[in-house]
Amino acid sequence: MAMVAAHLVLMSATGWVAQSAFKPRAIRTSPPVMMPLGVPKVAYRPPGAQGADWVDLYNRMYRERILFLGRQVDDEIANQMIGIMLYLDSEDNSKTISMYINSPGGSVTSGFAMFDTFRHIKSDVSTINIGLAASMGSFLLMGGTKGKRLALPHSRTMIHQPAMGGMQGQAEDIKVMAEQILTMKSKIVHYYASLCGQPREKVELDIDRDNFLSAYEAAEYGLVDRVIVTPS
């Protein structure tokens with residue numbers, strides 16, 4: 001049945017003065033255009049260059065020796081961070097490399113690779129907790145250069161023992177994996193104790209379950225050296 005437009009008739013004291021029709025509004029079929037989300041680009045002019053290039057924000061930060069760990073620790077991000085640290089160290093090892101951490105943790109082996117690189121390069125590595133440094137994230141936070149391990153006031157740190165889920169295979173294979181977990185735990189306890197200045201027995205007790213600390217509690221524990229407070 002064809003649609004009949006409704007008419008509105010307006011009446012005045014002198015008679016019919018106006019007549020108009022309401023037509024149905026066309027339905028939008030195409031989705032609205034959304035602003036694309038992604039890594040923003042900023043202008044950067046290399047020394048000696050006449051013009052500026054557009055580079056993504058994180059590449060611009062790397063050029064200022066600023067690294068950002070804002071995801072789960074895995075082989076991909078570890079390899080990228082290690083490559084950048086090695087390059088910056090070869091370029092100028094007298095300047096500090098700053099790593100901002102907001103990570104839920106992740107792979108123990110990938111985290112140890114980054115931790116060993118901290119200790120391998122000559123440049124100081126300043127670690128800054130800007131949100132959550134949990135699990136291997138807290139380990140990397142603690143692994144920065146003494147005196148340059150920092151935390152923002154509302155950041156949180158979580159320490160716990162390593163875990164490995166989904167173990168399958170023959171009994172001997174499971175036994176080997178269990179031994180590897182215990183070896184990793186022993187190393188983690190050793191570094192938490194030595195770099196935080198805590199007794200080994202206390203660390204073993206503290207990491208038995210998820211243990212969350214505020215920024216000031218992390219500083220008292222020795223995970224960071226101080227809390228960054230901006231004067232109001």
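Ile 97 stands opposite Val 125 in strand β7. Strand β6, residues 97–103, and β7 run parallel and are joined by six bridges; two strands are taken to pair if DSSP finds at least two bridges between them. Helices (H or I, at least four residues) and strands (E, at least two) are DSSP runs, numbered from the N terminus. Please note that this is a predicted model, in which local features need pLDDT of at least 70 and side-chain atom pairs count only at pLDDT 80 or more, whereas totals for chains, interfaces and linings use all residues. Residues are numbered from 1 along each chain as its sequence is written, and side-chain values use heavy atoms, with hydrogens and water left out.

Together with helix α3, residues 108–120, strands β6 and β7 make a right-handed β-α-β unit. Right-handed means that, with the strands pointing away from the viewer, the path from the first strand over the helix to the second runs clockwise. From β7 the chain crosses through helix α4, residues 136–142, to β8, and this β-α-β crossover is right-handed as well.

Why is β7, residues 125–134, described as largely enclosed by the rest of the structure? Because seven of its ten residues are buried, that is, under 20% relative accessible area, with over 50% called exposed and partly exposed in between (1.4 Å probe, protein chains only).

I turn now to the aromatic residues. The structure holds eight aromatic pairs; rings of Phe, Tyr and Trp (its six-membered ring) pair if their centres lie within 6.5 Å, and planes under 30 degrees apart count as stacked, over 60 as edge-to-face and the rest as tilted. Phe 112 and Phe 115 form an edge-to-face pair, 6.2 Å centre to centre with 90° between the planes. Both lie in helix α3, three residues apart, about one turn of the helix. Phe 115, at 0% relative accessibility, counts as buried. Phe 115 also forms a tilted pair with Phe 139, 4.7 Å centre to centre and 45° between the planes. That pair links distant parts of the chain, since Phe 115 is in α3 and Phe 139 in α4, 24 residues apart. Phe 112, Phe 115, Phe 139, Tyr 191 and Tyr 192 form one aromatic cluster.
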